[in-house]
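Good morning, colleagues. Please turn to the structure on the screen, and I shall walk through a few of its contacts and then its sheet.

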Amino acid sequence: MQIDKAVQDRAAARAAELPGSEHTHQFTGDWEVWKVGGKVFMLQTSMPGEPVVILKADPSDAEALRAAHASISPGYHMNKKHWITVRAGADVEPALVDNLLTESYLLVVAGLPKQSRPVDPASFRVPPSADGSR
């Protein structure tokens with residue numbers, strides 16, 4: 001069985017482009033953690049062999065995303081109202097992964113003290129990626 005890590009790979013590549021993004025590993029388990037200002041904005045792990053990305057989301061957006069996409073569900077091991085889990089699927093395009101990741105990052109940045117923010121969340125725009133996909 002082939003494991004589809006495309007969503008994880010895409011999300012990790014986009015996260016690496018974000019100012020102040022820090023990639024760490026959880027001391028126990030197989031969780032990859034991305035933070036900004038010491039606060040988590042993305043987690044990656046596998047749920048029974050299925051690679052997933054867990055992102056922060058505005059509660060109303062999270063509800064709409066879950067309704068519109070079979071590959072998006074409540075946040076695995078997180079607050080189900082404020083986090084979503086994204087799996088590989090036909091309804092998850094690379095641009096959607098980019099947008100969801102950026103929104104998660106900006107939600108966390110907006111909650112940081114102003115002097116700790118690497119960007120202004122109200123005016124931040126993601127630079128084009130090196131592969132020209134944005």
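I begin with E50, which forms a salt bridge with R87, the closest N and O atoms lying 3.1 Å apart. Please keep in mind throughout that this is a predicted model. The pair links distant parts of the chain, since E50 belongs to strand β4 (residues 50–56) and R87 to strand β6 (residues 83–87), 37 residues apart. Are these two residues buried or exposed? E50 has a relative accessibility of 32% and therefore counts as partly exposed. R87, at 16%, counts as buried, because the cut-off for that class is under 20%.

How many salt bridges does a search of the whole structure find? The search gives four.

I turn next to D98. One of its partners is R10, and the closest N and O atoms of that salt bridge are 2.6 Å apart. R10 lies in helix α1 and D98 in helix α3 (residues 94–110), so this pair ties together parts that are 88 residues apart in sequence. D98 also meets R14 in a salt bridge, at 2.9 Å from N to O. Here again distant parts of the chain are linked: D98 in helix α3 and R14 in helix α1 are 84 residues apart.

Both D98 and R14 are buried. The relative accessibility of D98 is 1%, and the relative accessible area of R14 is 3%. Helix α1, where R14 is found, covers residues 6–17. The side chain of R14 also makes a polar contact with the side chain of E17, at 2.2 Å. Through salt bridges that share partners, R10, R14, E17 and D98 are joined into one network.

Let me now move to the sheet. In what order do its six strands lie? The order is β1-β2-β3-β4-β6-β5, in an open sheet with antiparallel pairing. At the edges are β1 (21–25) and β5 (72–74), each pairing on one side only. Neighbouring strands are turned against each other by 25° on average, direction ignored.

Thank you for your attention.

How values were computed:
Residues are numbered from 1 along each chain as its sequence is written. This is a predicted model: local features need pLDDT of at least 70, side-chain atom pairs count only at pLDDT 80 or more; totals for chains, interfaces and linings use all residues. Side-chain values use heavy atoms; hydrogens and water are left out. Helices (H or I, at least four residues) and strands (E, at least two) are DSSP runs, numbered from the N terminus. Buried means under 20% relative accessible area, exposed over 50%, partly exposed in between (1.4 Å probe, protein chains only). A polar contact is a pair of N or O atoms within 3.5 Å; within protein, one must be able to donate a hydrogen and the other to accept it, and residues adjacent in sequence count only if both atoms are side-chain atoms. A salt bridge is a side-chain nitrogen of Lys or Arg within 4 Å of a carboxyl oxygen of Asp or Glu. Two strands pair if DSSP finds at least two bridges between them. Axes are lines fitted to C-alpha atoms, for helices over the stretch in contact, and angles run from 0 to 180 degrees between N-to-C directions.
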